[in-house]
Amino acid sequence: MVSLSSISAGLQPTNKLYLNDSYLKTAETTLLRYVPETRRSGYFVTTDTIMHPKGGAQPSDTGSIESVNFKAVVKKVLEHSGVVIHYGDIVEGVPREGEKVSMTIAWEWRYRVMRLHTAGHIVDYAVVQILGEDLLSSRAFHGPPESFVEYIGRAGEIDSASLAQISNDVVKASKRVYPVLVSRGELLKTVRGAPNLARLPELETYRVIVIDGVNAIPCGGTHVANTAEVGGILIRGVDKVENGFKVVYDVAD
Ligand SMILES: [Zn+2]
């Protein structure tokens, strides 16, 4: 087992192209490091990436990386100290550090995750509408097979039908969704309806996902550009968990 810290040692943070454009399906970049695990598998670090690593309540993307010398299937994407590490199988050839590579994302999966992540922010809005802004969410996951957000406290006051109604009104209103970068000083003025402000790490700059007229939540994830793309939000259940409740949701096809 190769450690992520040894793979990323001495490298600059990866340029995450998906932060500015979550719709990128391919990119040309440079292979900075290749660390073989076996003869047929290994870890790839590139200057730029379009693939979101596992973390931040979002699952890993998958896809492929190839050059004139090799072709690899990316099965898992991880992050260590800002360096994005793509793990996968070599299909043919041998990667060479420093060479130009092209990267392709498994788009169908990613687009579903984008719809689910934006839906998660809309569910947050719906829960805040019903219970008020002093809410704390404890855990979340925006991806298949089961997307959910957990909140602390007061499960009895919320029902699936009201959540579904409020959420789908936002979807149907075709609200614009976009990222903004704000300083720590501006953060409190920018953020609206975010349940977890007290727990945010101290950073110089925050990326905030704004849904026009709905909420603005610090987030490093990938989102659709308009709530209409979510399609529809299904509330699968509001379940009691320790300290609170869990809203399980999905997007309609
Ligand atoms: Zn988010």
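**Setting up.** I number residues from 1 along each chain, as its sequence is written. As the model is predicted, local features need pLDDT of at least 70 and side-chain atom pairs count only at pLDDT 80 or more, while totals for chains, interfaces and linings use all residues. My helices (H or I, at least four residues) and strands (E, at least two) are DSSP runs, numbered from the N terminus. I call two strands paired if DSSP finds at least two bridges between them.

**The open sheet.** I started with the sheet of four strands, which is open and has the order S9-S10-S15-S14, with antiparallel pairing. Which strands stand at the edges? I find S9 and S14 (233-241) there, each with a single partner strand, so one side of each has no neighbour in the sheet. From one strand to the next the twist averages 15°. For angles, I use lines fitted to C-alpha atoms as axes, for helices over the stretch in contact, and angles run from 0 to 180 degrees between N-to-C directions.

**Helices on the sheet.** I then looked at what packs here, taking two residues as in contact if their C-beta atoms, placed from the backbone, lie within 7 Å. H2 packs on the sheet and touches S9, S10, S14 and S15, and its direction makes about 135° with that of S15. H3 packs on the sheet too, touching S14 and S15, with its direction at about 140° to that of S14.

**Strand by strand.** S9 (residues 137-141) pairs with S10 (residues 147-152) in the antiparallel sense over four bridges. The two form a hairpin with five residues between them. I noted two bridge partners in S10: valine 149 for alanine 140, and tyrosine 151 for serine 137. On to S15 (residues 244-251): six bridges join this strand to S10, and the two run antiparallel. Here serine 147 has tyrosine 249 of S15 as its bridge partner.

**H2 against H3.** How do the two helices pack? I get an angle of about 125° for H2 (residues 107-131) and H3 (residues 160-172), with their axes 9 Å apart. That makes them oblique to each other, because angles under 35 degrees count as roughly parallel, over 145 as roughly antiparallel, 65 to 115 as roughly perpendicular and the rest as oblique. Residues making the contact include Ile122, Tyr125 and Ile130 of H2 and Leu163, Ile166 and Val170 of H3. By class, I read ten nonpolar, three polar and no charged residues; Ala, Val, Leu, Ile, Met, Phe, Trp, Tyr, Cys and Pro count as nonpolar, Asp, Glu, Lys and Arg as charged, and the others, Gly among them, as polar.

**The barrel.** Next I traced a closed barrel of six strands, running S2-S3-S7-S6-S5-S8 with antiparallel pairing. Its twist averages 45° from one strand to the next. S5 (residues 63-66) and S6 (residues 70-80) run antiparallel, joined by four bridges. Isoleucine 65 stands opposite alanine 72 in S6.

**Leucine 203.** Last, I checked a residue in the loop between H4 (184-190) and S12 (205-211). Is leucine 203 buried or exposed? Leucine 203 is exposed, with 11 other C-beta atoms within 10 Å (20 or more means buried, 12 or fewer exposed, in between partly exposed, with C-beta atoms placed from the backbone). Serine 183 is 20 residues away from leucine 203 in sequence and 8.1 Å away in space, C-alpha to C-alpha.
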